[in-house]
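Subject: Structure handover and notes

Dear colleague,

Please read the notes with the coordinates open beside them.

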Amino acid sequence: MPDRTSDIGNFDAIIVGAGVGGLYAIYRLRKLGLNVRVFEAGDGVGGTWYWNRYPGCRCDVESLEYSYSFSDDLQQEWHWPERYGTQPEILRYINHVADRFDLRRDIEFNTRVKEAVFDSKANLWTLKTDRGHVATARYCIMATGNLSTPRKPSIAGLENFEGKWYHTGLWPHEGVDFAGLRVGVIGTGSSGVQSIPIIARQAKHLYVFQRTANFSLPARNGPMPPDKERAHKAEYSARRRAAYDTPFGIAGHPPPVKSALQATEAERQRAYEAKWAEGGSISFLYSYTDLLVNRESNDTASEFVRQKIRATVKDPKTAELLCPNDHPIGTKRLILDTDYYETYNRGNVTLVDIRSKPIQEITPTGLRTADADYALDAIVFATGFDAMTGAMKEIDIHTDDGLSIREKWEGGPRTYLGIMMAGFPNLFMITGPQSPGVKSQMILACEQHVNWIAACLQYLRKRGLTRIEAEQDAEDSWIQHNNDVADRTLYPLANSWYVGANIPGKPRVFMPYVGGVTAYKKKCDDVAAKGYEGFRLSDVTEEQLYAAN
Ligand code: N01
């Protein structure tokens, strides 16, 4: 373990992050015969599933879909015990993948990359870590994740709090026992909504501090039916291929055929009831063709869910506070829950509206809002992440001519395809901003990017080329296209992390690509087929000669 600067050598590629994307990148790049090294901040693999160990943490995409497709043996032999994987199950699966494909030997754990600098003459990236490593590589692949920079709000007084506090995204590995405690949960996004029912069952009293109500649907989780698993596995390859022909990268949901406004009120109720009973967010949003593009259509679905909340939560005042009214359903990540709304019928749970009565400070013994004091033994921040750009900006990424990511992205992220950026040669991102990653099945998104990058590196090698860089024009038009597509939808109406609204001061820019997985993959494939259209490919020695003359 280096305790001062130590040069650990030169690699063909350095990968930052050993989550789902980073691990698959090791596998693919090794197959090309490349010499890779990975730096990972945690002491284990898994990325988001390594850090988010809060009670109730579970994937909102079904297990048979949310898994790697690159090895048929792997997908056939792995058994998912439930419809939706729990965090421990998914982490066990990722660890299994790391072992089965012998991926750990290239990973440097407990090591956070602090700086990455590109030397344009040597055509090399140099990375420095918090443990003093210095390593160089021709290619650098950022597999740093989209929801990997936890953020808690700066609330005065936290340092004097005598109880314990936690962030859902940085949960203690040994777990937390809330039995007998007065607990406050701040935040009602996916993490809050998943953890609240579990914490409520343990705590003496739970106070939920809600600023904005979110839409949540029942997950209808349950044991995996053996016949479903068998049938799915029998046609796994076809299903994986079919997933690329869907907007969200998830197969098995027949696409809707008409507008919500073409259906009668009674028809709509029947359709929404069926989806509500079935569980799942994609199927619900797939009820009609226009729920995410037409406000009037969306209102019918939003109101259906509000009625469900009113019918579930016994106290009418609490029910009304839980009814989202500031954004169309689906324009923020649609949450899947188990017993979330039911939890507010418990005697030991209180919903506190901090929109009308904001938190003023944390006191040594609890939390003070504009109109009351709450005595608390523990506080849980379920307050989210500096999403999509946070992890990249935490690393000082720059080139030797002075261009830095922090400056380039000052007004919001700028990328070509969410894979590369003009001005940063040989620097790839896995599921970067302006790609559909977070709006799709993440493992499929990671595999698609890694496959694209691997094919690109192979293409370069075959032609004796050593440098690839996005062209400025291509980047500008991709961003314009992203914005045009987003502006045709209802997404920008929500104050979501998709637009950075949860981080004070973050520029309001719509970051994910919402044109759908099918269109996006086609674009990536076309770009490659046209010899990497929109990228400048070169042999650095030619550039050096050019520069020298
Ligand atoms: O974070 P969030 P998350 N004072 O940003 C509130 C994925 N994920 O960790 O809406 C008071 O969604 C904030 O309020 P507001 C999934 O993609 C997936 O829950 O800003 N409250 C909001 O209620 C998800 O979307 C899974 O007004 C403050 C909450 O904190 C993404 O991760 C599970 C506040 C933050 O919600 C992020 O989810 C978990 C403040 N100063 C996560 N600041 C599954 O697969 C923020 N809040 C199921």
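The largest nonpolar core has 132 residues, and those with the most contacts inside it are Tyr68, Leu417, Phe428, Trp452 and Phe535. A nonpolar core here is a set of buried Ala, Val, Leu, Ile, Met, Phe, Trp, Tyr and Cys residues joined through side-chain atoms within 4.5 Å, where buried means under 20% relative accessible area, exposed over 50% and partly exposed in between (1.4 Å probe, protein chains only). Helix H15 (residues 442-462) supplies the largest share of this core, 11 residues; helices are DSSP runs of H or I of at least four residues, numbered from the N terminus. Domain 1 (5-149 + 387-548) and domain 2 (150-213 + 344-384) both give residues to this core, so it lies between them; the domain bounds come from an automatic or database domain assignment. Apart from it lies another core, of 22 residues, including Phe39, Cys140, Met392 and Ile395.

Please bear in mind that this is a predicted model, in which local features need pLDDT of at least 70 and side-chain atom pairs count only at pLDDT 80 or more, while totals for chains, interfaces and linings use all residues. Residues are numbered from 1 along each chain as its sequence is written, and side-chain values use heavy atoms, with hydrogens and water left out.

Returning to the domains, the C-alpha centres of domain 1 and domain 2 lie 33 Å apart, and their contact (heavy atoms within 4.5 Å) takes 15 residues from domain 1 and 15 residues from domain 2.

As for helix packing, the axes of H15 and helix H17 (residues 517-529) come within 11 Å and cross at roughly 5 degrees; axes are lines fitted to C-alpha atoms, for helices over the stretch in contact, with angles running from 0 to 180 degrees between N-to-C directions. H15 and H17 are therefore roughly parallel to each other, a term for angles under 35 degrees. On the H15 side the contact is made by Leu444, Gln448, His449 and Trp452, and on the H17 side by Val517, Tyr520, Lys521, Cys524, Val527 and Ala528.

Finally, Thr300 lies in helix H10 (residues 295-312) and, at 17% relative accessibility, counts as buried. Leaving aside residues up to four places away in sequence, Thr300 touches Ala260, Arg268 and Tyr272, and the C-alpha atoms of Thr300 and Ile329, 29 residues apart along the chain, are separated by 9.6 Å.

With best wishes

Conventions
Helix = DSSP H or I, 4+ residues; strand = E, 2+ residues; numbered from the N terminus. Parallel < 35°, antiparallel > 145°, perpendicular 65-115°, else oblique.
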